[in-house]
Amino acid sequence: MTHRSDRSLSVAGLARVEGEGAMHVHVDGDRVTEVQLEIYEPPRFFEALLVGRAYTEAPDITARVCGICPVAYQMSACQAVEDACGSTVDGSLADLRRLLYCGEWIESHALHIYLLHAPDFLGYAGAVELARDHRAVVERGLSIKKAGNELLTLLGGRAIHPVNVKVGGFYRTPTRGELATLVEPLRRARDDALSTVEWVAGFEFPDFAHDHELLALVEPGRYAIEAGVPTTDRGLTFPVRAFEEHVIEEQVRHSTALHATLAGRGRYLTGPTARYTLSHQWLSPLATQAARAAGLDGDCRNPFRSIVVRAVELVYALDEALRLIGAYQPPPAPAVAVRPRAAVGYGATEAPRGVLFHRYELAADGAIASARIVPPTAQNQACIEDDLRHFVAARLDLTDERLTYECEQAIRNYDPCISCATHFLDLTVTRTVR
Amino acid sequence: MRTVGTVVIGVGNPYRRDDGVGPAVADLLRGRGIEVAHSLGETTELIELWQDRDLAILVDAIRAQPAHPGRVHHIVVPGPYPSAASSHGLGLGEAIELARALDRLPGRLVLYAVEVADVGHGQGLSPPVAAASARLADAIRAEVTRCA
């Protein structure tokens, strides 16, 4: 007698997945035949609508790509435009950019850890349900997020889509006194972040390890945030200007997001665990200590443990913000002059979710002739699908309901935008037994 | 008259035309003895602004289909409120439910939602929404005075 079962797990609408997406898993007997993370978000045409705009507009226009990580877009855009124009932003202005970026990491990581990801590990449907039973814990998360928001507001003018960033630096730079007002809230948030690491380290993590090549920016001597050289854990390294030679984006039928691979190598992963694996040796002593106490070694290949890595990065971002504030000397001018020229420029920074690449081609008058943006979500799409394929194959004994729930969790491991919704499932399970 | 226990929160982006109706209403009430605030609608910010208040009045823009620009919807919390259709971050409904779970809702939370005509780039309200904002500011002032 032959016995065969087909199972189909389908999530029709991943709401608030940086646009719109769905998940489809097909199982034939004990074989996973198909896994698709379908991103059906309508194209947004950012690269096209930048064409013809002034070089000075790139940071503000591209910031609108994301409400969670606008600073990442602003920083990659500024870096690329300044590269094209042959300008260098260094000293206190560069430090202020790093400080602003720390604010975004703090705000974004606190949101993801507490409101989006932790409920998965504790068996809650979402942040509201978690808050009912663990009020103090959620208050702690909101308090950390608030410290990040305050940093963004002071440096950027407002917490969402900051308005104070410009090509060459800032419209206005803060005084030492203004920055000093952030020290106490940031110290408290750093203590809370240390408690966060302890808290998430105690979660139960499914036994799972991937073998993706890991790509992150590396800046020897410090944990890369707003600059660095693209580097993988398997020895590949290339300058930012060669990004498009090494990262190949392809259209796939089931997604309006492009799938990225490394030329001649295949899929790769970017984001917190890649950063940690490549740069953990440059964390601050406090963050290193927290990571060790949490049981992280130098290589994190279980994506479920990304919540621990994010918590360690939270400690680091707060520690680094306090260090930068302590060392701050106001720059002589809020920005350096950046004069346009006909050239191509490249920029890459570490958004909370991973490497964000920008390239701009400028005309002599500074008009943008072409633009290219490679966001982390698209880069990670192939790895997420691969994780689901292996993850499902090892858990076929679970009920469809449980398996779907764990698949959602596996998706949420990667990305605050992808995982933004805690209850996004409109699930259809089809099981055929023949 | 100063009403310490009340805050009027105008939610929206003044650089997107009618989306700025909330902040515009707040500005009309500024300096008239009512504490006002602008917000971009960020969850923690909203909770901070309304917690510990006897009364919080929140004014926001909404799009409706079919649209009646300037029409005002009046909602008194409690909900429960569904999740908003935002593609990034948490929506107003989630902020309210989170605040409820954390016992950080104000004594009374009133929402005014104004239907908009134009949320394109730029400052200034369309005529029907501008007219609605003036009427709404008067109504809120009367409501706050009555509650005081």
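How many of the 32 residues of α4(A) are buried? In this predicted model, local features need pLDDT of at least 70 and side-chain atom pairs count only at pLDDT 80 or more, while totals for chains, interfaces and linings use all residues. Residues are numbered from 1 along each chain as its sequence is written, and chains are lettered from A and ligands numbered from 1 in the order in which they are written.

The helix α4(A) is mostly covered, with 26 of its 32 residues buried, where buried means 20 or more other C-beta atoms within 10 Å of a residue's own, exposed 12 or fewer, and partly exposed in between, the C-beta atoms being placed from the backbone. Helices (H or I, at least four residues) and strands (E, at least two) are DSSP runs, numbered from the N terminus. Because each residue should contribute 1.5 Å, α4(A), residues 91-122, should span 46 Å, and its end C-alpha atoms, 44 Å apart, agree with this; the expected span is 1.5 Å times one less than the number of residues. Gly123(A), with a positive phi near 80°, follows α4(A).

Elsewhere in chain A, 3 strands form an open sheet of mixed pairing, in the order β7-β6-β10, two strands being paired if DSSP finds at least two bridges between them. Since β7 (229-232) and β10 (268-269) of chain A each have a single partner strand, they stand at the edges, and one side of each is left without a neighbour in the sheet. Strand β6(A), residues 213-218, runs antiparallel to β7(A), and 4 bridges join them; Val218(A) has Val229(A) in β7(A) as its bridge partner.
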